[in-house]
Amino acid sequence: MKPEQFLRAILPDVLIDNFNIVSFEKSADRFDIYLDEKKVQLKEDRSNPDIISYGFGEYRVIRDFPIRGRATYLHVRKRK
């Protein structure tokens, strides 16, 4: 099973549909899942030269339900 398939099974679809999985780390006591927002533009924004992507903001950490006795942390980063 690929990591994305596994994460899609345990995370809400809206998260996987709107964010790319950057990395997944497993340690003895926790899981860390890093997600970056996908670059999606509206049709009217594509032709507007004033709209510029400035990269990403800082990661926000969301503590999720434990998985198999390990704490689960979602590190989510949105576009500016």
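This is a predicted model: local features need pLDDT of at least 70, side-chain atom pairs count only at pLDDT 80 or more; totals for chains, interfaces and linings use all residues.

Reader: Where is Phe-6 found?

Author: Phe-6 belongs to helix α1, which covers residues 3-10.

Reader: And how do I read its accessibility: why does Phe-6 count as partly exposed?

Author: The idea is a pair of cut-offs: buried means under 20% relative accessible area, exposed means over 50%, and partly exposed lies in between. Phe-6 has 32% relative accessibility, so it counts as partly exposed.

Reader: Good. Let's step back to the whole chain. Which elements does it have, from the N terminus on?

Author: The elements run α-α-β-β-α-β-β, which comes to 3 helices and 4 strands. Of the 80 residues, 21% count as buried. The chain exposes about 6,200 Å², and carbon and sulfur atoms supply 51% of that area.

Reader: In what order do the strands form the sheet?

Author: The order is β1-β2-β4-β3, in an open sheet with mixed pairing. β1 (19-26) and β3 (60-67) each have a single partner strand, so they stand at the edges and one side of each has no neighbour in the sheet. On average, neighbouring strands are turned by 20° against each other, direction ignored.

Reader: The pairing is mixed, you say. Which strands run parallel, and which run antiparallel?

Author: Look at the partners of β4. Strand β2 (residues 30-37) runs parallel to strand β4 (residues 70-77), and 7 bridges join them. β3 and β4 run antiparallel, joined by 6 bridges. In the hairpin of β3 and β4 there are 2 residues between the strands, and Arg-68 takes a positive phi near 50° there.

Reader: Which residues stand opposite Tyr-73 in β4?

Author: Asp-32 stands opposite Tyr-73, and Arg-63 stands opposite Tyr-73 as well. Further along, Leu-35 stands opposite Val-76 in β4.

Reader: Where do the side chains of a strand point, in general?

Author: In a regular strand they alternate between the two faces of the sheet. As for cover in this model, β4 is mostly covered, with 6 of its 8 residues buried.

Reader: Now the charged side chains. How many salt bridges are there in the whole structure?

Author: A search finds 3. Arg-30 and Asp-32 pass it, with their closest N and O atoms 2.7 Å apart.

Reader: Are Arg-30 and Asp-32 buried or partly exposed?

Author: Arg-30 counts as partly exposed because its relative accessibility is 28%. Asp-32 has 7%, so it counts as buried.

Reader: What about the salt bridge of Arg-77 and Asp-36: which parts does the pair tie together?

Author: Their side chains meet at 2.8 Å, N to O. Arg-77 lies in strand β4 and Asp-36 in strand β2, so the pair ties together parts that are 41 residues apart in sequence. Arg-77 is partly exposed at 22% relative accessibility, while Asp-36 is buried at 8%.

Reader: And which side chain does Glu-37 meet in a salt bridge?

Author: That of Lys-78, at 3.5 Å, N to O. Glu-37 lies in strand β2 and Lys-78 in the segment after β4, so this pair too ties together parts that are 41 residues apart in sequence.

Methods
Residues are numbered from 1 along each chain as its sequence is written. Side-chain values use heavy atoms; hydrogens and water are left out. Buried means under 20% relative accessible area, exposed over 50%, partly exposed in between (1.4 Å probe, protein chains only). Two strands pair if DSSP finds at least two bridges between them. Axes are lines fitted to C-alpha atoms, for helices over the stretch in contact, and angles run from 0 to 180 degrees between N-to-C directions. A salt bridge is a side-chain nitrogen of Lys or Arg within 4 Å of a carboxyl oxygen of Asp or Glu. Accessible areas come from the Shrake-Rupley method with a 1.4 Å probe; for residues, only the protein chains shown count as cover.
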